[in-house]
Amino acid sequence: TSHYAHCPGIKKSSRSIVYHWTFNQQSRRIVEGIIQFEFVSSRHIRSKLISGATLDLIIAVGDELEFLTDGSTYRTLTLDSYNASKLSALAYDATTRRLFFSDLRHRHGHIFSVSLDEEFRRPVEDIVERNNNETVESLAYDPVTKTLLWTDGLNRSIRRYQIDYEHVHIDEKEGIEIVHFLENDAKPQTLVSDPCTRMLYWTNIHNYRPSIERSLINGSQREILIYSDLLLPNAFDVDVVEQMIYWAEDLKDGHFRIQRSSVDGTGTQVFYHGIGNFIVSLTVGDHYVYWSDYSHKKLWSLRKDGSSKRPIILRTFRNPAMGVAVFRHQPLNCSLITSNVHHQELTMESTESLIVTLMILTSLTIVAAVAILIFRYGRLIGCAQPFLSNKTEGTFAFQNFQNPVPNNTYKMCERVI
């Protein structure tokens, strides 16, 4: 029978090879083995394994926006009356189903938006006009305050603008506020907002002191999360549900690594270490981590739970995919994040209580052992004192032979020993 008969949806090849095992006459009368091997397309297997757990993705590649659905189906997003040049940063708002993107070479603007509600006609709106003295490295959107945020690496700043959908178009001088203006030699790169905890995260690819930082979305309470053992964190994302941060670094000799930690910067661990990729964009879904590779122009995925050791190539493009974003059909449920954080806090509290209890028990055991040793040593010294002399070295201890020490004294010392 087929090894894949219990796996619905996997297509089989019509070709099969049947091997008949021939035995001697006696064994042949008992059994004749027939083993059938079926050839299954690796593409269909990969599609079946991926599609059940992946989310839809939006990908900025060259002058096009592409959709990836079910882990294997690609289609190009048609933009009405818009001539794209080089698309890069992406930010998606699931509440309004609106996509924000930047165009590095467009003549008139560098931040645009398009509604994904309409299936056929999708007019593009110019949000921020282009300025030669400013750049857009990354985009983030806060659905609570309807605020668009972006990093300007050329001017070492993080900027924001509150979107008014009745009058969307603005220029660089109108209504834009600076959230952070970083120190000299700093360069903010990837920017991510957490709508549930009201936090804003970004990477700083400083020439000498790169770091991962965060603050509240309004800019207050800025803090550095990670700065040691950090080289070039050029790609970054936040797993809002699990309250984890992921970042990718380009290492020496062609190596790269993806690391992750808690949102407060603790518990850093290597998620994946490889060679030959220069990661320019990274995003985290419910079950997978996705990243785009500039060197080989590929899109990769790897399970978050560690059940798969090697990443899967989802697609190879003609141009590097400069932006990858998760396309959620529903906004995030912040109550799930709150319960998850509460569960983590309870787990940490119980772990800390257990550690404290073990430390107390260990300390009491050590104190008891030391007390017993001191007591036994004192008894030994007490037994030995009648035979010690107070005279100087070279003389013998005086012993009263008329009133010798009773034998039971020696027996008591022997018992103590």
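The whole structure contains 15 salt bridges, each defined as a side-chain nitrogen of Lys or Arg within 4 Å of a carboxyl oxygen of Asp or Glu. This is a predicted model, in which local features need pLDDT of at least 70 and side-chain atom pairs count only at pLDDT 80 or more, while totals for chains, interfaces and linings use all residues. Residues are numbered from 1 along each chain as its sequence is written, and side-chain values use heavy atoms, with hydrogens and water left out.

**Salt bridges**

- Glutamate 134 pairs with arginine 159, with 3.5 Å between the closest N and O atoms.
- Glutamate 134 sits in the loop between strand S9 (124–129) and strand S10 (138–142) and arginine 159 in strand S12 (residues 157–162), so this bridge ties together parts 25 residues apart in sequence; strands (E, at least two residues) and helices (H or I, at least four) are DSSP runs numbered from the N terminus.
- Both glutamate 134 and arginine 159 are buried, where buried means under 20% relative accessible area, exposed over 50% and partly exposed in between (1.4 Å probe, protein chains only).
- Arginine 257 and aspartate 229 form a salt bridge at 3.4 Å, N to O.
- That pair links distant parts of the chain, 28 residues apart: arginine 257 is in strand S20 (residues 255–262), and aspartate 229 is in the loop between strand S17 (223–226) and strand S18 (233–239).
- Arginine 257 is buried at 12% relative accessible area, whereas aspartate 229 is exposed at 57%.
- Aspartate 305 bridges to arginine 303 at 3.4 Å, N to O, and aspartate 305 is exposed at 52% relative accessible area.
- Shared partners join Glu134, Asp152 and Arg159 into one salt-bridge network.

**Surface patch**

- Leu354, Val356, Leu358, Ile360, Leu361 and Leu364 form a nonpolar surface patch with about 570 Å² of accessible area together.
- Patch residues have over 30% relative accessible area and no salt bridge, with like charges joined within 9 Å and nonpolar side chains (Val, Leu, Ile, Met, Phe, Trp, Tyr) within 5 Å; accessible areas come from the Shrake-Rupley method with a 1.4 Å probe, and for residues only the protein chains shown count as cover.
- Isoleucine 360 lies in helix H3 (residues 334–384) and is partly exposed at 47% relative accessibility.
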